[in-house]
Structure formats: structure tokens, C-alpha cells
4 protein chains.
Amino acid sequence: MTVDSQTRPMRKDAARNRGLLVAAARDVFARRGLEASLDDVARQAGVGVGTAYRHFGNKYDLAAAVMHEVIAGVVADAERACLDPDPWSALVGFLEGMLVLQTTDRGLREVMMGVRDPQSELEVHDQLEKPVSRLLERCREAGALRDDVVMSDVGCVLMMLCQVADVAADHTPDLWRRYLPILLAGLTPDGPPLVGTPLSDEAFRVASASYQTGRVRGARPTDARDRSGEQVAQ
Amino acid sequence: MTVDSQTRPMRKDAARNRGLLVAAARDVFARRGLEASLDDVARQAGVGVGTAYRHFGNKYDLAAAVMHEVIAGVVADAERACLDPDPWSALVGFLEGMLVLQTTDRGLREVMMGVRDPQSELEVHDQLEKPVSRLLERCREAGALRDDVVMSDVGCVLMMLCQVADVAADHTPDLWRRYLPILLAGLTPDGPPLVGTPLSDEAFRVASASYQTGRVRGARPTDARDRSGEQVAQ
Amino acid sequence: MTVDSQTRPMRKDAARNRGLLVAAARDVFARRGLEASLDDVARQAGVGVGTAYRHFGNKYDLAAAVMHEVIAGVVADAERACLDPDPWSALVGFLEGMLVLQTTDRGLREVMMGVRDPQSELEVHDQLEKPVSRLLERCREAGALRDDVVMSDVGCVLMMLCQVADVAADHTPDLWRRYLPILLAGLTPDGPPLVGTPLSDEAFRVASASYQTGRVRGARPTDARDRSGEQVAQ
Amino acid sequence: MTVDSQTRPMRKDAARNRGLLVAAARDVFARRGLEASLDDVARQAGVGVGTAYRHFGNKYDLAAAVMHEVIAGVVADAERACLDPDPWSALVGFLEGMLVLQTTDRGLREVMMGVRDPQSELEVHDQLEKPVSRLLERCREAGALRDDVVMSDVGCVLMMLCQVADVAADHTPDLWRRYLPILLAGLTPDGPPLVGTPLSDEAFRVASASYQTGRVRGARPTDARDRSGEQVAQ
DNA sequence: TATGAATGAGAGTTCATTCAT
DNA sequence: AATGAATGAACTCTCATTCAT
């Protein structure tokens with residue numbers, strides 16, 4: 001109530017709450033996906049739901065803010081990559097970094113694979129555009145990248161691998177590494193052999209099966225069970 | 001659960017309703033994804049919800065039944081492909097056919113990209129396994145496919161492209177054609193150039209934006225908009 | 001689940017609504033039994049259903065809360081009865097009081113005659129145990145009660161009369177008074193000896209608990225599980 | 001279709017189905033109580049639900065029919081009891097027999113403890129009235145029964161013990177034996193006088209009838225009627 | 001400004017009862 | 001007369017979002 005209202009009232013608290021919320025959301029979404037309730041996020045953040053709405057307007061905006069945080073790091077990575085003397089390996093490293101990130105974060109995958117809000121998408125895009133296109137440009141100059149490759153192609157490559165990572169998350173989280181070379185080769189003239197073991201057919205079934213759990217929401221009374229402590233086994 | 005087709009031939013009207021239900025489900029799920037409610041499906045089919053439950057037991061089983069129908073066609077395609085004198089173009093044609101199918105069907109994409117129920121998934125898998133692996137075998141014999149390619153690789157390729165198709169569904173539904181050659185090349189030694197136009201940056205934003213519509217479930221405003229004509233105001 | 005009364009004193013409006021809810025539940029359950037829907041209770045309380053669920057988690061918990069309120073009074077009665085110089089008339093008065101209460105409250109009868117949730121049942125039991133067993137002890141000392149009478153016998157007596165009250169509720173609400181003397185006589189030294197083993201206190205809890213299973217219908221997702229194994233082929 | 005339609009067409013089949021239904025209902029209700037669905041009963045009987053409705057009109061009537069069957073046996077018992085040279089032990093034996101019956105039959109207990117349909121109740125009453133009142137009369141003549149004991153008192157005694165049996169069903173099914181002597185003692189000249197008016201026979205019918213209202217859940221019309229006056233405008 | 005209680009529109013699912021076959 | 005498919009109201013419970021405190 002009575003704060004020194006001279007400077008900028010509450011700013012510090014507000015910023016702190018915002019941070020707590022984003023951090024909590026990142027954790028909760030990472031574990032349970034975007035379907036987690038905002039109540040849970042707020043609880044974990046130690047603030048009221050109302051606060052979440054004051055800061056983010058709706059659930060998706062919060063997810064976007066999480067994205068924003070991640071993007072900040074990713075942009076830094078991209079900028080660092082620009083300094084690498086070998087732009088191609090820098091690009092590859094950048095992609096790998098993002099995929100590793102996504103591998104452990106279900107919510108991030110969901111956001112990455114389908115952002116809804118144009119605004120936040122723009123933001124992401126704008127922020128990444130400069131460093132990434134510079135990276136691509138440098139690759140092209142180095143003769144490592146074909147001329148017809150555009151930025152969104154890189155985005156699509158990422159999405160595709162992300163989809164693989166998502167499906168295989170629980171059983172073969174690194175499966176994307178099997179397909180990355182192929183896609184990269186598609187951006188250059190070379191075609192490398194497939195490495196690593198593929199999902200066995202059995203694993204594929206199980207992966208596919210367990211994957212969607214909780215995503216086709218409401219499909220089963222699973223919901224409740226699903227939520228309690230994230231159970232696995234049976 | 002699903003009506004037993006062995007013991008008895010099923011009454012004519014029941015069969016008709018079942019057909020109506022599957023057709024409606026296919027349409028509704030195609031447009032709005034699996035999150036559409038069974039009430040909506042039943043309404044569109046012109047039957048009561050109870051009827052849906054009599055035939056399918058639960059929402060997911062209905063989705064599986066829809067899938068089943070589609071798979072029947074797909075399996076037929078795969079078997080036809082086996083007869084093609086050129087196995088490689090047969091494989092490519094098969095993949096293209098599936099993607100065309102998925103391009104227009106959001107629900108199918110969702111099911112394809114992550115089926116939840118092991119049972120139906122197995123069914124799909126089992127049904128597809130024989131014709132597809134035969135196709136792969138023939139490709140290998142023809143020297144068109146690398147030895148380390150297994151069936152699940154084909155599944156992953158499909159998934160990846162499906163993800164692209166999903167994101168671009170509303171604006172550049174054929175975007176997957178841009179990446180199919182790359183992935184195919186990854187299954188052979190050759191690396192072809194990228195063809196077609198990529199998503200423009202603008203298109204990418206909008207596509208990404210509209211994509212998720214209704215997927216981040218509970219995103220009410222979206223739902224409502226999506227359901228236009230359903231509203232009741234307040 | 002039930003609002004935590006330790007950490008914080010609960011907001012004023014919340015407390016008010018909780019009170020309204022319990023009052024409404026008591027009234028609705030009293031008139032229509034536990035099968036009345038939570039929607040109806042909420043409507044009568046003048047709050048949304050969601051509020052009911054915020055406070056009670058599920059229908060049965062609400063019933064338990066209502067019970068809790070009643071029990072508080074009953075426990076007070078029991079304690080007051082302990083102070084009566086004439087323990088026997090105190091016991092009789094206590095029983096009469098409980099029956100009068102139950103005569104006008106169908107829901108209470110249902111809860112009394114078969115509580116389903118072990119937890120709340122325990123609570124009731126625990127709370128009543130001390131004052132009532134003290135009352136019995138004093139009766140025994142006064143030579144008014146046989147030695148082989150245990151607490152659960154009193155509970156059974158209550159239940160039996162409650163059943164009579166239940167059946168006669170609308171037409172002869174006091175019918176239980178006709179049989180109370182008989183049962184009381186059975187507890188005095190003049191009565192016939194009690195044969196067989198009574199319900200142990202533990203058994204009493206479990207019996208009461210498991211008894212109701214599936215009766216307060218819809219109260220839990222028990223339903224489905226309950227039915228499994230019942231299906232006769234197809 | 002083509003049966004010999006000379007004698008009485010279908011009569012045999014109909015009777016057989018009726019029998020199957022009652023038997024199935026008895027078994028299903030015995031195990032799961034009256035809340036079991038008619039579909040389950042019909043399935044177990046091996047007939048369609050429609051057939052059940054043709055024969056019984058509604059779920060409750062079927063329960064009543066089950067009762068009827070039981071009553072037939074009980075009446076026989078009662079009549080046999082009348083022949084016993086020792087009327088008192090005959091009465092006791094009769095009560096014990098009924099309780100043993102109820103101990104293993106949850107549905108029967110539910111029906112016994114609250115019959116809803118006046119019509120069937122009447123039937124029961126009428127059938128039992130003669131033999132039981134004769135039995136009571138003989139006991140009175142033998143000086144074993146007090147003068148103020150009426151038939152409904154015996155019914156109430158039965159109900160009370162039935163309630164005990166119900167609660168203790170899973171753990172101490174014979175618990176009622178503990179209280180039977182007490183209640184019997186209450187009917188002998190040694191017991192305390194019965195106070196108040198018993199249920200008149202008429203009242204007994206009506207009480208029993210209205211009691212169950214809304215308990216055999218799903219009895220739709222009742223529900224609706226019951227709810228009127230609940231609405232709080234909007 | 002922060003809080004968290006309140007809201008209420010759904011969602012999935014069940015089942016007594018009706019009615020076309 | 002029998003069948004069992006169809007119906008749809010009712011029920012419990014969830015959760016994004018709003019709003020009084």
C-alpha cells in the first residue's frame with residue numbers, strides 16, 4: 001500500500017512476479033505441456049492467478065512469454081554462432097542446440113510446433129531474423145548453403161525434427177539426430193549415410209502410443225490420473 | 001466394444017447410423033481436429049450422442065474408427081504400389097498420396113502424428129507393415145534404397161512432412177512438397193535441389209498463427225470463433 | 001481439498017459462500033437425499049457449481065462437510081450428556097436427540113446409515129468415540145448397562161431406528177419411538193444376553209465405509225471400475 | 001413367426017422370457033443392488049431390453065417382480081410355519097429365514113427396506129397378511145406375544161435387522177443375530193410395552209411406497225416432479 | 001496492484017425408456 | 001412378441017477467465 005511512490009511504484013515487485021510466473025510456466029509446461037492449467041502455474045510461481053492475467057492477458061500469452069525467454073537465449077546463441085569462423089558448423093551447432101532444448105521441454109515443443117499468436121510470433125521472428133539470416137548469408141558465402149534456401153526453410157527443418165523429437169521423447173529422445181544429417185544434406189549437395197539405431201518397430205509403437213497421452217484432451221478419464229505427479233509405469 | 005461384426009451382420013439402420021457417425025466424425029475432425037466434441041459430431045451426423053456411445057464406447061474409439069476407414073484405403077494404396085514395376089516411384093507415390101490425404105484433414109494429421117491408443121496404433125501398424133515393408137524390400141532390391149533404412153524411418157519421414165503440412169495447412173498446403181525430395185534423397189545417395197517457392201515470411205507468420213487454433217485447448221475465444229454459429233453470448 | 005483452515009483464516013466472502021453451500025446442501029440433501037445433484041445444491045446456494053467444487057472437491061466431500069457440521073452438534077450433545085447426573089437418561093436423551101435430527105433429514109439418514117468415505121467416517125467415529133464411550137461407561141457403573149454392550153451396539157441401535165424413521169418419514173415420523181424402548185431394554189441387565197461378536201470398532205468403520213460404495217451414486221468415478229467384470233460376453 | 005397359433009400363441013415363450021428376466025434380475029440385483037442397469041439384466045437374461053419393458057413397464061416393476069418371486073417362497077414358509085406346533089419358534093424361524101435370504105441379496109435388502117410401488121407392495125402385503133397374522137394370532141394364543149403387537153411391527157423388526165445386515169454385509173453378515181433376540185424379547189409379554197401407534201396397515205403401504213421415491217435412481221418422472229420448486233429463477 | 005474466490009460453459013459419459021425393425 | 005438401436009436429459013467435474021476484496 002504505502003510504497004515510495006516517487007520513482008516507479010511497484011515496478012520491482014511486478015517484474016519479480018513476472019519473472020516468477022515465466023519461470024514457473026516454463027517448468028510446468030516443460031513437464032506437462034501447454035495443457036497444464038494456469039492455476040497450477042500460478043501456484044508453482046507462488047502468486048495468484050489474477051496476477052498471471054494482469055501480466056499476460058491469457059494463457060497463450062504466457063506461453064509466448066516463455067517462448068520469449070527461450071528466444072532470448074537462442075538469439076544470443078545465434079549471435080555467437082555468427083562469430084564462428086566456420087559458419088556451417090555454427091549453423092549446425094545452432095540447430096542442435098535448439099533441438100536439445102526442445103527435447104527436454106514438452107511445452108516448448110508445442111509452442112515451437114505451432115505458435116498461435118501472430119504478435120508473439122512476429123516478435124520471435126523479428127528477433128531471430130537478423131542473426132539467423134546473417135548466419136545463412138555467411139554459409140552461403142562459404143559455399144555451404146544453396147542459394148534457394150530461405151529462413152523459413154530452417155524453421156521448417158527445425159519443426160520437422162521437433163516433431164520427431166516429440167514423438168520419440170520418452171523412448172529415443174535423440175532420434176532427431178538420425179534425420180538431421182539428411183535435412184542438412186538437403187541444404188547442401190551432399191548425402192551422408194544414416195547413423196545411429198532407428199526406433200525398433202516395437203519402440204515405435206509404444207512411442208506413438210504413449211506420446212499423445214494427455215494431448216487429445218478429454219479423450220479418457222486419464223486426465224486426472226495423468227496429472228497426479230506425472231505417473232509413469234502402471 | 002466396437003460393434004461386433006462377427007456374431008451378427010448388424011441391423012440396417014444401425015449400420016447406416018454408424019456410417020453417418022463415421023462420416024460426420026471424419027468431417028468434423030478434419031475441420032476442427034480431435035478436440036471437437038462428440039456432441040458436435042453426433043449433431044452433424046443427425047443422431048443422439050447416446051448412439052455415438054453405443055457404437056464407439058468413447059471418443060477415442062470413434063477417432064480410431066475414422067482412422068480405420070482411412071487406413072483401409074491407405075493399405076489398399078500400399079498394396080497397389082507393390083505391383084508397380086518401378087518400386088521407387090511407387091514408394092514416392094504412396095507417400096505423396098498419404099500426404100495429400102493428410103493435407104486436408106486436421107484430425108487425421110493429429111492421429112497420424114501421435115496416436116494414443118496402443119491398440120488401434122498396433123492395428124494400423126500391423127496392417128501397414130506387410131505391404132510397406134514389401135515395398136521397401138523391392139526398392140532395396142532395385143538399388144534405390146539404402147540398407148539401413150527401416151520401416152519406422154518411412155514413418156518418421158511421413159510425420160515430419162505431416163508436421164510441415166499441418167503448420168502450413170491453411171496457406172501453403174503443398175509446402176511439404178518442398179521437403180519431400182530432401183528426405184527422399186536422404187534415403188538414397190542423391191541430393192536434388194529445392195523446388196517451388198518457400199513460405200514467404202508473412203505467410204509463415206500467419207500460418208503459424210492460425211495453425212494452432214483450437215489446439216492449445218481451452219483457448220476459449222478461439223474455440224468460440226471457430227465454432228461460429230454456436231455461440232450464445234452472455 | 002477442503003479449504004485449509006490452518007494456513008489462513010479464509011476470506012470473508014469465501015467463508016460466506018462455504019456457509020451458504022453447506023446450508024443449501026443440508027437443506028437439499030435433507031429433502032431429496034444424497035442423490036440430489038451438486039448443480040441443484042449450488043443453485044439453491046446461489047453460487048456457481050465451480051464454487052462448490054472449489055470448496056469441496058467432489059460431491060461426497062460436501063456431504064461429509066454437512067455431516068461434519070451436524071456431528072459437531074452431536075458431539076456437543078454427547079459431551080453435555082456426560083455431565084448429566086443420571087447417565088442412563090442422558091444416553092436415552094442423546095439417542096432421542098439424534099433420531100429427532102435424523103427424522104427430518106433424509107440425507108443425514110443416508111449418511112448415518114452408511115457413510116462411504118473412510119476418512120470422514122473415521123472423523124465422525126473418532127469424534128464421537130470419546131464422549132459416547134464415557135457415557136456408556138458411566139451407565140455401566142450405574143448398573144444400567146450390560147457389560148457386553150459395546151459402542152458399535154449403540155451405533156447399530158441408532159441405525160435400526162433410523163431405518164424405521166426413514167421408512168416412516170413422511171407418515172409416522174415418530175414411529176421409531178415405538179421401538180426405542182425395546183432396544184434400550186435389550187441393553188439393560190434385564191434384557192436377553194447379546195450373542196455373537198459385535199462389530200469391532202475397526203470393522204464398524206470399514207463396514208460403514210465399504211457399505212455405501214456405489215450407493216451415493218455418481219459420487220466417484222468408481223462406477224466404471226465397479227462394473228468391470230460384470231459384462232457377460234457380448 | 002410360424003408357431004402353432006391355435007392354443008395360446010407365444011404364451012410359452014413369453015412365460016419363459018419372463019422367468020429368465022426375473023431370474024437374471026434377481027442375480028444381478030443381488031450382486032450389485034438395484035442400481036444395476038436394465039441393460040445388464042436383459043443381457044444376462046439373454047433377451048433384449050425391450051422385452052423387459054414389455055413384461056414389466058419399468059425398472060421398478062421388475063424389482064417388484066423379483067420380490068414377488070421371493071415372497072412366493074416366503075409365503076410358503078409362513079404357511080408351513082403355521083403348522084408348527086410351537087408357534088413362537090415358528091415365528092422366530094420364519095424371521096431368521098427371511099434374514100438369511102436378505103443377507104446374501106443386496107437388491108432384496110434394498111427392495112425390502114423401501115418398496116416404492118404401492119401396487120406391488122399391496123400384493124406383497126396381501127399375500128403375507130393371512131399366513132403371518134395367523135402365525136401372530138397363534139403366538140398370542142400361546143401367550144408368547146403381547147396383545148399390542150401388530151403385523152407391521154413384525155415388518156419393522158425385519159427392516160431393522162435388515163439394515164444391520166446391510167451395513168455389515170461384507171464383514172459380519174450374521175450381525176443381525178446379535179439383535180434379533182432383543183427385538184423378539186420386545187414382542188413378548190416380558191418386554192416393555194409398545195408405545196405410540198404402530199403404522200396402520202394402510203400407512204405402512206403408503207409409507208413404504210412413497211419412501212423409495214427417487215431412490216431407485218433414474219426413475220425420471222419422479223426426479224422431474226421432485227425438482228420442481230428448486231429453480232431459482234435465473 | 002495482487003489475490004484467489006467465483007463463474008459457468010462445456011466435456012465425456014451413463015442409462016431409463018421408447019420405437020423402428 | 002421380441003429385439004436392440006436410438007434417444008437425450010442428467011450427472012460429475014474442469015478450467016480459462018473475471019472481479020470483488
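Q: What is the relative accessible area of D:E137?

A: D:E137 has a relative accessible area of 36%, which puts it in the partly exposed class. Here buried means under 20% relative accessible area, exposed means over 50%, and partly exposed is in between (1.4 Å probe, protein chains only). This is a predicted model, where local features need pLDDT of at least 70 and side-chain atom pairs count only at pLDDT 80 or more, while totals for chains, interfaces and linings use all residues. Residues are numbered from 1 along each chain as its sequence is written, chains are lettered from A and ligands numbered from 1 in the order in which they are written, and side-chain values use heavy atoms, with hydrogens and water left out.

Q: Which residue forms a salt bridge with D:E137?

A: A salt bridge is a side-chain nitrogen of Lys or Arg within 4 Å of a carboxyl oxygen of Asp or Glu. For D:E137 the partner is D:R140, with the closest N and O atoms 3.6 Å apart.

Q: How many residues apart are D:E137 and D:R140 in their helix?

A: Start with the general idea: an α-helix has 3.6 residues a turn, so residues three or four places apart point the same way. D:E137 and D:R140 are three residues apart in helix α7 (residues 118–141) of chain D, about one helical turn. Helices are DSSP runs (H or I, at least four residues), numbered from the N terminus.

Q: Where do B:R80 and B:D77 lie?

A: Both are in helix α4 (residues 59–83) of chain B, again three residues apart, about one turn of the helix. B:R80 is exposed at 53% relative accessibility, whereas B:D77 is partly exposed at 34%.

Q: How many salt bridges does a search of the whole structure find?

A: Over all chains, 39. One of the linked sets is a network of salt bridges joining A:R32, A:D40 and A:R43.

Note on methods. Helix = DSSP H or I, 4+ residues; strand = E, 2+ residues; numbered from the N terminus.
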